Amino acid sequence: MFPMLDRLNEQQRDAATATADHLRILAGAGTGKTTTLTARVAWLVGSGVRPDRIMLVTFTRRAAREMVARTDTMLGSLDPARARAGGKVRAGTFHSIAHRTLRRHATSLGLPEGFSVLDPGDAADLIDLVRHEHLARRTHERRFPRKATLLDLYSRAVNTQRPLSEVIDQVAPWSADRVEDVAEICRAYVARKRALGLLDFDDLLLHWRAAARDEHLGPALAEELDHVCVDEYQDVNALQVDLLAALCADRDDAPGLTVVGDDSQAVYSFRGSSPRHLLEVDAVFPGIRTVALEQNYRSTQPILDVANAVGQDAPEGFSTRLSSVRGDGDRPELVTCTDEDAEVEAVCVRVLAHREAGVALREQAVLVRAAHHSALLELELSRRRIPYVKYGGLRFLEAAHVKDLVCLFRLADNPRDELSWFRLLQLMDGVGPVSARRAIEALGVDRPGTPGEVLARWPDAVQCLPSGARAAASELVAALARPSGESTGAQAERLTAALTPLIEGAYDDAAVRLVDLEALSAAAADQTRVSDVAADLTLEPPHSAGDLAGPPVIDEDWLVISTIHSAKGLEWDVVHLIRAADGNLPSDMALTDREGLEEERRLFYVAVTRPARALHVYHPVRFHHRPRGRDDAHSYGQPSRFLSDRVTAGMARAQAGAPEPVRAAVRPAAVTVEVELDALWQ
DNA sequence: CAGAGCCGCCTTTTT
DNA sequence: GGCGGCTCTG
């Protein structure tokens, strides 16, 4: 009846077929978590639950996609006819499911029918607008949190459901005496979003929770579901727990809940997450049953020995200890590199050696703590014509020119979009924040009346701009008018063409950027409105223009570069962990408190548990202060503190790069030069 | 003299 | 790419 159950071990089968209302699966790295969760979904369907009455909440889109593919395969083999009749499992990230729910119930929730979703960049711009308005009314004589910090404070307070003052004490203690100012900005930000019909990512969760708690809507939402599965539960925050509680507890016929997680892999505390929610889950869902998975199917034992040693080094230890079913293999390698150039060289050499030995590039990944750690490596890979795809770090949507076009698309459907006006007007020569703001004032975006009336005021608004900018601005605005009967594709092309001269004027590398805009414009052709592209990109941001154009050529091979955060839940045959130097990993930004250090340790643990067969850890000894500059200014770094004796005991060691030349002075060269010059000025 | 623009600095992690 | 700080321009 359930062929997939035969391939599971005893604990996995136990978890997949548990009949308890609520179930917690504690699953260490590589223990077959996804297999077990998909088997559980299949088992539920086999027991008579309709697929569309199961909600599968994942943490990233990557995980959602993988889960959907695997459940589809499994359900298809189970009973194709019934699986089709029962619809599809409702799968997605917290935010995408929230978005779908809010679109469906916008009116009952009191949201404007066409509400738009702010991407984090827009949210920052909006809070910056509010920040300036607030500070303009006060003489600010000293440092005040910047927009990114303000948004972080706001978001943490919302997601952890803790008072702002506590959050400030923890995140920005230097602003502890400005709580009232920050609070006022938060209030104004909330009001502004409401006035303009905008929801940020946190609002999606807040309104979903409100819906789930509502006395009419809540029961209706819960009645649609028989079971809710949540992946990576160690990464949920208080708001998400609230939401799940509203859906799956506090009512008699509540849907069942299955949560899967591993507290040793909790790495999102900066977003308000806490592994406490996984460990203390019975406080919210009393009587929840627990099954633990401990057999690791991914990695060879020498790799797990290193991982376990990392866990042992933690002050309180890790709750999971991994043992391999794959058995012995090569020892992980620790490569000490003279400097970053030597590190890049060492990585290339090993990547190519593995490839010669039959490991495709796509079976290999380079993992980094911070996106910019791979900058030098990327240059060298391009030079050597080694293709790669990078995950994490700057998104396609965050590139300036992409935002420019997205704003133009949004403006075409909503002339009230203040943020888009503000951005686009400043593309004109001689237009800065001040005249842009004056022009927007003249447009009266928040005045009552039809959107068309806003555009009708353009002749007044254009007078607020410097005379040299008026012609170009009017030309762009003229493109916003849509000839009746024009297709979305044609409109997108026309808007792109209107923006092109401005892009050429504003950026040196315009040619490269225009290629991206073509891809973006093409994507608009399939949509009902050009602004839908903007909403789609916000919730499903592609990593590159290539993603937008669809999957790359089938037989092409490329190396994966990923931040450790983006690599969670994934595995490769070979993993290269670079910049394992103190200050980079752990990042010195995270070392403000002990919890920060422990989270960095878990991050290190996540990284070393990704490979199946080979792990290479690299650390440069010497760091250039200006990697691209010509001077030789540099400093020395220690290997990561996580590379303790216990951890390195299980590793082979190697050196890369020329040995350090003997130096007359210990002091770095650039500093010496400065000292000598100083003597001249006397 | 307000406001645009340029230079040089730094850059954690993400839905 | 963004930001603070400085300089130049209309």
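Trainee: Leaving aside its neighbours within four places in sequence, which residues is Phe409 in contact with?
Mentor: Phe409 is in contact with Leu495, Ala524, Val530, Ser531, Val533 and Ala534. Keep in mind that this is a predicted model.

Trainee: OK. And which residues have the most contacts inside the largest nonpolar core?
Mentor: Phe409 again, along with Val41, Leu56, Val228 and Leu408. That core has 112 residues.

Trainee: Which helix gives the most to this core?
Mentor: Helix H18, residues 400-413, with eight residues.

Trainee: What other core lies apart from it?
Mentor: There's another one of 54 residues, and Ala580, Val621, Phe642 and Ala656 are among them. As a general point, nonpolar side chains tend to be buried together in soluble globular proteins.

Trainee: Switching to the sheet. In what order do the six strands come?
Mentor: S3-S2-S6-S7-S1-S8, as an open sheet with parallel pairing.

Trainee: Why is one side of S3 and of S8 left without a neighbour in the sheet?
Mentor: Strand S3 (90-93) and strand S8 (289-293) stand at the edges and each has a single partner strand, so there is no neighbour on one side of each.

Trainee: How much are neighbouring strands turned against each other?
Mentor: By 15° on average, direction ignored.

Trainee: How many bridges join S1 to S8?
Mentor: Five, and the two run parallel; S1 covers residues 22-27. If you want a spot to look at, Ile25 stands opposite Val291 in S8.

Trainee: Which strands does H3 touch where it packs on the sheet?
Mentor: Helix H3 (residues 33-46) touches S1, strand S2 (54-58), strand S6 (227-230), strand S7 (256-261) and S8. The direction of H3 makes about 175° with that of S6.

Trainee: And H6, what does that touch?
Mentor: H6 packs on the sheet against S2 and S3, and its direction makes about 120° with that of S3.

Trainee: How does the surface near DNA strand B divide by class?
Mentor: 11 nonpolar, 12 polar and two charged residues.

Trainee: Last one: which residues are around DNA strand C?
Mentor: Arg146, Lys147, Ala399 and Ala400. By class, that's two nonpolar, no polar and two charged.

Note on methods: Residues are numbered from 1 along each chain as its sequence is written. Chains are lettered from A and ligands numbered from 1 in the order in which they are written. This is a predicted model: local features need pLDDT of at least 70, side-chain atom pairs count only at pLDDT 80 or more; totals for chains, interfaces and linings use all residues. A residue is near a molecule or strand if its C-beta atom, placed from the backbone, lies within 6 Å of it. Ala, Val, Leu, Ile, Met, Phe, Trp, Tyr, Cys and Pro count as nonpolar, Asp, Glu, Lys and Arg as charged, and the others, Gly among them, as polar. A nonpolar core is a set of buried Ala, Val, Leu, Ile, Met, Phe, Trp, Tyr and Cys residues joined through C-beta atoms within 7 Å. A residue is buried if 20 or more other C-beta atoms lie within 10 Å of its own, exposed if 12 or fewer, and partly exposed in between; C-beta atoms are placed from the backbone. Helices (H or I, at least four residues) and strands (E, at least two) are DSSP runs, numbered from the N terminus. Two residues are in contact if their C-beta atoms, placed from the backbone, lie within 7 Å. Two strands pair if DSSP finds at least two bridges between them. Axes are lines fitted to C-alpha atoms, for helices over the stretch in contact, and angles run from 0 to 180 degrees between N-to-C directions.
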